[in-house]
Each structure stands twice: as structure tokens, then as C-alpha cells.
Amino acid sequence: MMPSTLLFSLTAELTDDGHAFLTLACLLAGCALGWSGFVCRYLRWDQLETMVCGVPTVDVELLKAVCVFEGFTATDRTVQLFWEVMESLSQKDRAQVIQFTWARSRLPLTAAAFTDKLKLKRMSGGDGAFPVAHTCFFQLDLPEYVFFFFFLDDDDVGFVLCTQLAPSD
């Protein structure tokens, strides 16, 4: 019997209070399949979290290193504004931008660990249009912005509002 199957069968009867334990047990069983038990024994919980989830801070320089462009170049004004905004945001707001763009709030540890590169793609619409994200492809379609305030008004509405709203049926 596979370790994950065994752990699941042992813990599947747990009540709601046991869900965290079930999740941890399945995570450890998965780690045991991919890593030697030796490695898992010497990791602290926070080291394991970092290896599995990435770091909780958004490194803008790392993001720049993995960015590709379609319809833009790295020197275009809209791209420069985007990076200025990212650098001026708090870590919480940076994580919301990543969540909006990639459906996750953390970045991998290194540029080599990225499965997808951030793509900034030009779209029409100008200052009156909103960014459009394609989370499956880590792509953000940006209109050609001229004004900095669009991104950073009173409540960072440009991204924060977009991450909070759900589509209506």
C-alpha cells in the first residue's frame, strides 16, 4: 500500500477538527514519495512551507527577471509605470497583484523555478480601460497608461478592487 493511501485510510474518518491533520498527513506522505525521509526529518515547518509554497514576499526584481513582453518593450512608458507601481506597493498589495495575475499569491524561489514567465501584453483602451488577467498563463493585458494615478488612487482600486469582485451570474 502506498504511504499516502495508508495515511488517508487511517485519517479519513476524522471530524472537521481533524482536517488540518489530514492535510498535513497527505502533504508529508507526498513529500515522502518525492524526498527521502532523511530530508524531511531535518526541515523545520517554515523551511518546508518555503519549499512548497514559495516565499511570502514578492521580489519585484525577480519578477522583472522573468517578465516577457508582447506589444511592449521593457522601456515603454506603460511598462515603466507598472514596475514603479509594483515597487511602491506594500507586500500585501503586491501579493494581490500576483493573485490577480496568476491565481496564487507567492512567487517561486528562483527564476529557474518559474513554470510560466510573467507576460505583459499590450491591449487597446487607454486610461479608461482596466487590466485583464489570464491566470492560466501568468499574463496581464495592459492598456497604454499615461497617468500613474490610475493604478494608485485612494485604495489601490486598479488591482485591489479587481481581486475582490466576483463575476455576476
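I count two strands as paired if DSSP finds at least two bridges between them. The model I am looking at is predicted.

**Sheet.** I looked up the strand order first. Four strands form an open sheet in the order β1-β2-β4-β3, and the pairing is mixed. The edge strands are β1 (68-70) and β3, each of which pairs on one side only. From one strand to the next, the twist averages 25°.

**Neighbours of β4.** I then went through the bridges on either side. Strand β2 (residues 119-123) runs parallel to β4, and five bridges join them. Here I noted Lys 121 opposite Asp 141 of β4, and Arg 122 with Leu 142 as its bridge partner in β4. Strand β3 (residues 132-134) pairs with β4 in the antiparallel sense, over three bridges. One of the residues I checked there is Ala 133, whose bridge partner in β4 is Leu 140.

**Hairpin.** The hairpin of β3 and β4 has four residues between the strands. I noted a positive phi near 55° at Phe 138 in this hairpin.

**Burial of β4.** Which residues cover the two faces of β4, and are they buried or exposed? On one side I find Gln 139, Asp 141 and Pro 143, on the other Leu 140 and Leu 142, and all are buried. My cut-off for buried is under 20% relative accessible area. Five of the five residues of β4 (residues 139-143) are buried, so I put the strand down as largely enclosed by the rest of the structure.

**Helix over the sheet.** Last, I looked up helix α6 (residues 77-88). It lies across β1, β2 and β4. Helix α6 runs at about 120° to β4.

Definitions and conventions: Residues are numbered from 1 along each chain as its sequence is written. This is a predicted model: local features need pLDDT of at least 70, side-chain atom pairs count only at pLDDT 80 or more; totals for chains, interfaces and linings use all residues. Side-chain values use heavy atoms; hydrogens and water are left out. Buried means under 20% relative accessible area, exposed over 50%, partly exposed in between (1.4 Å probe, protein chains only). Axes are lines fitted to C-alpha atoms, for helices over the stretch in contact, and angles run from 0 to 180 degrees between N-to-C directions. Contact means heavy atoms within 4.5 Å.
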